[in-house]
Amino acid sequence: MDISVVVPVYNSEDSLDELFKRLNEVFNMEGLAYELILINDNSKDNSYKIMQQLHEHDSRVKIINLMRNFGQHNAIMCGFNYAIGEYIITMDDDLQNPPEEIPVMLKKIKEGYDVVIGKPVEKKHAAYRNFGSFIIGKSFERIFKKPKLLKMSSFRILHKSVVGNIIESKTPNPMIDALILSNTLNICNVDVRHDDRKFGRSGYSISKSVQLAFNLLINYSTIPLRLITYNGFFFSLIGLVIALYVIIGKLFGVINMAGWTSIIALISIFSGLILMSFGIVGEYLGRIIGEVSNYKQYVIRESSYEKESRKE
């Protein structure tokens, strides 16, 4: 098998037929053997029914139906565990990643790179998503020493050796870009087209973008814990300065009566910081419990792999 294409699917009943048709045309033109792995992440429309029809029409289409919505990154991890191609491609299900750009990426990775990431010449995402991508990119630079000019995206091609290392991670909160950067920096970009979304609306909301950034910080860094330490040190200094001010004021008779307003304000600030600190530490503890309790990355309801094994 030359290529495995892994596509997480969520509410994309209108785009799946065209996606398969265009992928098939590209690989037939290139003369490459391929498989298309579609992972249904608990879609609310008829996406899984369309996936079943595609599988019945062409056995190269492999389908997996998850028990609940685990998220894009977990669905991709599921696909990685079944991919058998020499190279593994990930792409979105909404046709914004044009299949016709795959040969360019494939040619580049054969130059010796571990991963090649499609960099949109012009992104067609909403402004908040572009801003979220910028923030996450800066976080990658800080946490994983990502080169500043390297841009991450969901349209990528990976060598099977990298995917083999990635699937060793069993965290219930995976982030594909983070796992790639923690395994290799032998990565490059190629310019690709980024099309307008043809059907429906993006499943990514502002809250999901924030959650993604939060998962990155909590799962792959100790930055929030360091911020707690820095805040504690900073406000301890403020408390010391205030205490010295009060003591000196009392000694020289400048302060005659306690300032109740300032006391209440300080108590509110410190109480808020303490609660926030407890929340961050609690989040880390919760993630640790999830890791040691072997929470699942994904749970499969049914798949074409099971049906094929029964036939054998």
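User: In what order do the 8 strands of the open sheet stand?
Analyst: This is a predicted model, in which local features need pLDDT of at least 70, side-chain atom pairs count only at pLDDT 80 or more, and totals for chains, interfaces and linings use all residues. Residues are numbered from 1 along each chain as its sequence is written, and side-chain values use heavy atoms, with hydrogens and water left out. Strands (E, at least two residues) and helices (H or I, at least four) are DSSP runs numbered from the N terminus, and two strands pair if DSSP finds at least two bridges between them. The pairing in this open sheet is mixed, and the order is 7-5-6-4-1-2-3-8.

User: What is the average twist from one strand to the next?
Analyst: Angles run from 0 to 180 degrees between N-to-C directions, and axes are lines fitted to C-alpha atoms, for helices over the stretch in contact. From one strand to the next, the twist averages 20°.

User: Which residue of strand 4 is the bridge partner of V6?
Analyst: Strand 1 (residues 3-9) and strand 4 (residues 87-90) run parallel and are joined by 4 bridges. In strand 4, the partner of V6 is T90.

User: At what angle to strand 6 does helix 4 run?
Analyst: Helix 4 (residues 102-109) lies across strand 1, strand 4, strand 5 (115-120), strand 6 (156-159) and strand 7. Its angle to strand 6 is about 35°.

User: Which residues of helix 7 are buried?
Analyst: Helix 7 packs on the sheet and touches strand 5, strand 6 and strand 7, where contact means heavy atoms within 4.5 Å. Buried means under 20% relative accessible area, exposed over 50%, and partly exposed in between (1.4 Å probe, protein chains only). Helix 7 (residues 176-183) is largely enclosed by the rest of the structure, because 6 of its 8 residues are buried. They are I176, D177, A178, L179, I180 and L181.

User: How do the residues of the contact of helix 1 with helix 2 divide into nonpolar, polar and charged?
Analyst: Helix 1 (residues 16-30) and helix 2 (residues 47-57) pack at about 30°, with axes 10 Å apart. Helix 1 contributes L16, D17 and F20, and helix 2 contributes S47, I50, M51, L54 and H57. Ala, Val, Leu, Ile, Met, Phe, Trp, Tyr, Cys and Pro count as nonpolar, Asp, Glu, Lys and Arg as charged, and the others, Gly among them, as polar. The contact therefore divides into 5 nonpolar, 2 polar and 1 charged.

User: Is G31 buried or exposed?
Analyst: G31 sits in the loop between helix 1 and strand 2 (34-40). Its C-alpha atom is separated by 9.8 Å from that of D2, 29 residues apart along the chain. With a relative accessible area of 63%, G31 is exposed.

User: What is the phi of N42?
Analyst: N42 is in the loop between strand 2 and helix 2, and at 23% relative accessibility N42 counts as partly exposed. Although N42 is not a glycine, its phi is positive, at about 60°.

User: How many disulfides does the count come to?
Analyst: A disulfide is a pair of cysteine sulfur atoms within 2.5 Å. C78 is buried at 0% relative accessibility, and C188 is buried at 10%. By the sulfur rule, the number of disulfides is 0.
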